[in-house]
Amino acid sequence: ADTVINRIKTYGWKNILLDFKTINLNLFKKWIDRPKGKVYLTVDYHDVPRYVKKQRDWKKRRKKCDDIDKLVHSRKQSGTHSFHRIISVDIVEDDKFTVDFEPVFRDADQGKIPLSLLENVRKLVDIKAVLFDRGFFNAITVDRLKDHKIPFVIRAIKTKQIRRFLEEFKNFKRVWHVYDYEFNKTAHDSHDRRRMRVKTKLVITDNSVVESISAEKYDEDDRYFIFITNIPVDSQGTAFKLASDFR
């Protein structure tokens with residue numbers, strides 16, 4: 001193990017990352033049946049556990065971890081709060097493929113990372129839309145995606161404003177509806193100190209109608225699908241298609 005680690009240290013993580021990217025790009029180019037038209041992409045984080053001993057005040061650590069500045073900290077999983085985090089862009093059509101990926105460090109701008117990846121991916125594929133989970137529901141990400149005219153669908157966090165929209169949606173017994181939504185301080189990522197105000201469109205659909213399944217079979221969280229998008233949603237068919245495709 002020490003020999004392997006020493007080889008890795010000598011070669012350097014940046015060279016290793018570049019090699020993996022080159023291999024991945026060659027695999028993509030040789031993918032015979034890859035989609036020829038526009039494709040759905042997803043952007044997501046992947047955490048690899050890293051076990052770091054706590055440094056005690058009365059006892060100096062004998063061995064210093066040289067990757068400590070490359071770790072992120074999150075909710076406890078597999079007995080640790082420390083992780084090596086990777087962000088990837090994947091094609092999610094009939095066949096799935098990871099097109100590009102980057103490491104994420106503690107001081108990284110979380111809103112900027114997806115965009116830098118997407119700029120690389122744009123050179124390889126035509127984007128139908130990029131699908132994000134709730135972890136990307138913040139003003140910085142939305143603002144940059146809109147500026148670069150990248151079509152997106154981001155699952156929404158139920159802020160106070162969105163809960164009001166949802167209650168209105170239920171009261172009028174709607175099956176789909178589009179609302180004007182503006183990010184406010186309660187909807188911002190905790191690291192966003194600029195307090196940007198970004199306008200977008202919020203869409204709510206009733207999954208029981210989309211999937212033609214009895215409403216009694218859903219719980220409150222699953223029945224209504226709520227997302228923001230910069231794709232024009234001017235019909236029930238478009239709203240239902242985006243909701244269905246996202247799932």
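Val 130 is buried, with a relative accessible area of 0%. This residue belongs to strand 5 of a predicted model. Beyond its sequence neighbours up to four places away, Val 130 touches Leu 41, Val 43, Leu 118, Ile 150, Pro 151, Phe 152 and Val 153. Ile 91 lies 39 residues from Val 130 in sequence. In space, the C-alpha atoms of Val 130 and Ile 91 are 9.3 Å apart.

Leu 41 is among the partners of Val 130. The contacts of Leu 41, again without residues up to four places away in sequence, fall into several stretches of the chain. They include Val 89, Asp 90, Ile 91 and Val 92. Leu 118, Val 121 and Val 125 also touch Leu 41. So do Ile 127, Ala 129, Val 130 and Leu 131.

Leu 41 also stands out in the largest nonpolar core, which has 42 residues. Together with Leu 118, Phe 132, Leu 202, Ile 204 and Ile 228, Leu 41 touches the most other members. Helix 3, residues 113–122, gives the most to this core, with five residues. A second core of 15 residues is separate and includes Tyr 40, Ala 129, Val 203 and Val 233. In soluble globular proteins, nonpolar side chains tend to be buried together.

The protein as a whole holds eight helices and nine strands. It has 247 residues, and 38% of them are buried. Among contacts with a separation of 6 or more, 62% join residues 24 or more positions apart.

Helix 4 spans residues 139–147. Its buried residues are Ala 139, Ile 140, Thr 141, Val 142, Arg 144 and Leu 145. The cover over these buried residues includes helix 3 and strand 5 (126–132). Strand 6 (152–155), strand 8 (199–206) and strand 9 (224–229) are also part of that cover. At the start of helix 4, a side-chain oxygen of Asn 138 comes to within 3.4 Å of the backbone nitrogen of Ile 140. After helix 4 comes Lys 149, with a positive phi near 55°.

Helix 1 presents another picture. Of its ten residues, the number buried is zero, so helix 1 lies largely in the open. Tyr 11 lies in this helix, which covers residues 2–11. The relative accessibility of Tyr 11 is 41%, so this residue counts as partly exposed. Neighbours within four places in sequence aside, Tyr 11 is in contact with Ile 16 and Asp 19. The side chains of Tyr 11 and Asp 19 are joined by a polar contact of 2.6 Å. Just after helix 1, Gly 12 adopts a positive phi of about 95°.

Aromatic rings were searched over the whole structure, giving 13 pairs. One of them is formed by Phe 28 and Phe 97. A pair of aromatic rings is described by the distance of the centres and the angle of the planes. For Phe 28 and Phe 97, the centres are 5.6 Å apart and the planes make an angle of 55°, a tilted pair.

Strand 2 (residues 72–77) and strand 3 (residues 80–92) run antiparallel and are joined by three bridges. The two strands form a hairpin, with two residues between them. Gln 77 has Thr 80 of strand 3 as its bridge partner. In the turn, Ser 78 has a positive phi of about 50°.

Ser 208 is placed in helix 6, residues 207–210. With a relative accessible area of 9%, Ser 208 is buried. Its contacts, apart from neighbours within four places in sequence, are Ile 213, Ser 214, Ala 215, Tyr 218 and Arg 223.

Methods:
Residues numbered from 1 in each chain as written. Predicted model: local features only at pLDDT ≥ 70, side-chain atom pairs only at ≥ 80, totals over all residues. Heavy atoms only, no water. Pairing = 2+ DSSP bridges. Helix = DSSP H or I, 4+ residues; strand = E, 2+ residues; numbered from the N terminus. Core = buried A, V, L, I, M, F, W, Y, C linked by side-chain atoms within 4.5 Å. Buried < 20%, exposed > 50% of the residue type's maximum accessible area, 1.4 Å probe, protein only. Contact = heavy atoms within 4.5 Å. Polar contact = N/O pair within 3.5 Å; in protein donor to acceptor, adjacent residues only side chain to side chain. Phe/Tyr/Trp six-rings, centres within 6.5 Å; stacked < 30°, edge-to-face > 60°.
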